[in-house]
Amino acid sequence: MSNGSDPFEFASLATAHDDGNYAEAVVPPIFQTSLFTFSDYDDMIASYRGEKVRPIYTRGLNPTVRMFEEMLAKLEGAEDALGFASGMAAISSAVLAFVEPGDRIVAVKHVYPDAFRLFGTILKRMKVEVTYVDGRDEEAIAKALPGAKIFYMESPTSWVMEAHDVGALAKLAKQHGVVSMIDNSWASPVFQRPLTLGVDLVIHSASKYLGGHSDVVAGVVAGSKEIVARVKAESYPYLGGKLSPFDAWLLIRGMRTLPIRMKAHETAAMSIAKRLQELDVVETVCHPGLANRLPTGLNGTSGLFSFIFREGVDIRAFADHLKLFKLGVSWGGHESLIVPGEVVLQQKAQPNSAHTFGIHARSVRLHVGLEGTEALWRDIEEALAVAS
Ligand SMILES: Cc1ncc(COP(=O)(O)O)c(C=O)c1O
């Protein structure tokens, strides 16, 4: 399979989920059921003994959820995948499957804030230590890795959008026998397929681009059979963050247009980022596509980036005068969104913590949606006319 160069190749793969058992329906059914009954006693006991793999209870296995998992596994080039009720359920189950008290995790700086909070609360109480490293500093990472259990990556990182050489970092983790994981929500499998770069486990907030319509909260992990089996056995059934059949069905629908949407987000966001960079009122634009080259393995850029205004711009007026960009968190849907950094900084990273996730007070984060580049740029220009 090509690595994102032909989005339509992804699209055709993304339809290959139906084994023909559903009356030739082009859209699969939703198995909206909590349980599955047994034909007789022998059937039941064979399932309990593990002689048959079949759905028993939806928290364990559900055919609609399985269709989504198989589809995502194909897109990521994984042997297996496991759906979750949210991206955070996927992150927490993945991490908790591999650590015990006394263990250490190495994580890149500026991970998604709730992942940072998970590390600083539950994992801290479990006596699991987290060492943060600059994802661009391979020397520091090589020093931090010996003895660690997990190397946790996110590339590009949240808000500050630092893109890392994921293949090189995965190789370092392998050299030190450390399980590598990456939050790949930003790039999606259309633009980055970390398993092909040597990463052990890919994690997504499927609430973002995989769903793509801002109507579902979900997560997924993907990797080798062995590594996904470990998450299935160690944490997933007991933490209980199961993806619901209806949400899985929405994801199947959303993923059919993933490559086309990603291309549209990329084109519009890149154009807006470049125009912003030309403005006197803008100090810095944090968008991986503005660097001389993308890191190896990152084959495109999505719709989310941030920029820092110069002093003197009224960011409140800017945000309030935008019409197409709505004030709202999350991202990855059809709609354009803005989050002012100053607003995010109102919430402490953790009680008594001065940590700021690298967020500049004069920065804003934009998600560039599918409304059309020129209309979105006009919206920005009109709001800037009032704010600067
Ligand atoms: C990069 C990233 N990872 C993970 C998450 C968490 O996903 P969810 O909200 O689906 O739990 C988010 C949510 O905003 C995110 O931005």
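Which residue forms a salt bridge with Arg-362? I looked this up in the model, which is predicted. The partner is Glu-311, with the closest N and O atoms 3.6 Å apart. Arg-362 sits in the loop between helix H15 (341–344) and E12, and Glu-311 in the loop between E9 and H14, so the pair ties together parts 51 residues apart in sequence. I noted Glu-311 as exposed, because its relative accessibility is 68% and the cut-off is over 50%.

Next entry, Arg-136. I found its side chain in a salt bridge with Asp-134 (2.9 Å, N to O) and in another with Glu-162 (3.4 Å, N to O). Arg-136 is in the loop between strand E3 (129–133) and helix H7 (138–144), while Glu-162 is in the loop between strand E4 (150–154) and helix H8 (166–175), 26 residues away. Arg-136 counts as exposed at 53% relative accessibility, whereas Glu-162 counts as buried at 14%. For the whole structure I have 16 salt bridges.

Next entry, the sheet. I traced five strands in an open, mixed sheet, ordered E8-E9-E12-E11-E10. E8 (282–286) and E10 (326–327) are the edge strands. E9 (residues 304–309) pairs antiparallel with E12 (residues 363–367) over five bridges, and Leu-304 stands opposite His-367. Helix H13 (residues 258–277) lies across E8, E9 and E12, at about 10° to E9.

Definitions and conventions. Residues numbered from 1 in each chain as written. Predicted model: local features only at pLDDT ≥ 70, side-chain atom pairs only at ≥ 80, totals over all residues. Heavy atoms only, no water. Pairing = 2+ DSSP bridges. Helix = DSSP H or I, 4+ residues; strand = E, 2+ residues; numbered from the N terminus. Contact = heavy atoms within 4.5 Å. Axes fitted to C-alpha atoms, helices over the stretch in contact; angles between N-to-C directions. Salt bridge = Lys/Arg side-chain N within 4 Å of Asp/Glu carboxyl O. Buried < 20%, exposed > 50% of the residue type's maximum accessible area, 1.4 Å probe, protein only.
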